Amino acid sequence: SEVFFQLAKTNLKISILLGDRDPYLDQLAKIKSIIPTADSTIIDNSGHIPFLEQPELAWSEIRRFVAE
């Protein structure tokens with residue numbers, strides 16, 4: 001997607017948060033090849049919306065990312 005190429009041109013910290021059952025999980029390697037500096041986390045027992053399905057785990061990862 002074009003948005004990944006645009007994000008790669010920025011100096012923003014980027015976090016990719018996916019569930020282990022996310023239908024887009026197979027795209028993670030491609031996204032990381034476009035944005036190699038992006039942080040990525042896979043949340044167990046979650047699908048496409050880990051912050052709703054596993055809120056404690058997802059928010060823990062978000063806090064860790066922001067604190068870095």
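**View 1. Gly 19 and Ile 43 stand opposite each other, Ile 43 being in strand S2.** Strand S1 (residues 15-19) and S2 run parallel, with five bridges between them. Two strands count as paired if DSSP finds at least two bridges between them. Helices (H or I, at least four residues) and strands (E, at least two) are DSSP runs, numbered from the N terminus. The model is predicted: local features need pLDDT of at least 70 and side-chain atom pairs count only at pLDDT 80 or more, while totals for chains, interfaces and linings use all residues. Residues are numbered from 1 along each chain as its sequence is written, and side-chain values use heavy atoms, with hydrogens and water left out.

**View 2. Strand S2 has a covered face and an uncovered face.** Asp 39, Thr 41 and Ile 43 make up the covered face. Ser 40 and Ile 42 make up the uncovered one. In a regular strand the side chains alternate between the two faces of the sheet. Asp 39 has a relative accessible area of 19%, so this residue is buried. Buried means under 20% relative accessible area, exposed means over 50%, and partly exposed lies in between (1.4 Å probe, protein chains only).

**View 3. Arg 64 and Asp 39 form a salt bridge, N to O at 2.8 Å.** The pair links distant parts of the chain, with Arg 64 in helix H4 (residues 55-67) and Asp 39 in strand S2, 25 residues apart. A salt bridge is a side-chain nitrogen of Lys or Arg within 4 Å of a carboxyl oxygen of Asp or Glu. Side chains of opposite charge can pair when their charged atoms come close. Arg 64 counts as partly exposed because its relative accessibility is 30%.

**View 4. Arg 64 also forms salt bridges with Glu 61 and with Glu 68.** The structure holds three salt bridges. Between Arg 64 and Glu 61, the closest N and O atoms are 2.8 Å apart. Both of these residues lie in helix H4, three residues apart, which is about one turn of the helix. Glu 61 is at 22% relative accessibility and so counts as partly exposed. Between Glu 68 and Arg 64, the closest N and O atoms are 2.7 Å apart. Glu 68 is exposed because its relative accessible area is 58%. Salt bridges that share partners join Asp 39, Glu 61, Arg 64 and Glu 68 into one network.

**View 5. Ile 49, Phe 51, Leu 52 and Trp 59 make a nonpolar surface patch of about 420 Å².** Patches are made of residues with over 30% relative accessible area and no salt bridge; like charges are joined within 9 Å, and nonpolar side chains (Val, Leu, Ile, Met, Phe, Trp, Tyr) within 5 Å. Ile 49 lies in the loop between strand S2 (39-43) and helix H3 (50-53). This residue counts as partly exposed because its relative accessibility is 35%.

**View 6. The chain as a whole has four helices and two strands.** From the N terminus on, the order of the elements is α-β-α-β-α-α. Along its principal axes, the C-alpha trace spans about 30 × 30 × 15 Å. Of the 68 residues, 26% count as buried. Residues 24 or more positions apart account for 56% of the contacts with a separation of 6 or more, contact meaning heavy atoms within 4.5 Å.

Terms used. Accessible areas come from the Shrake-Rupley method with a 1.4 Å probe; for residues, only the protein chains shown count as cover.
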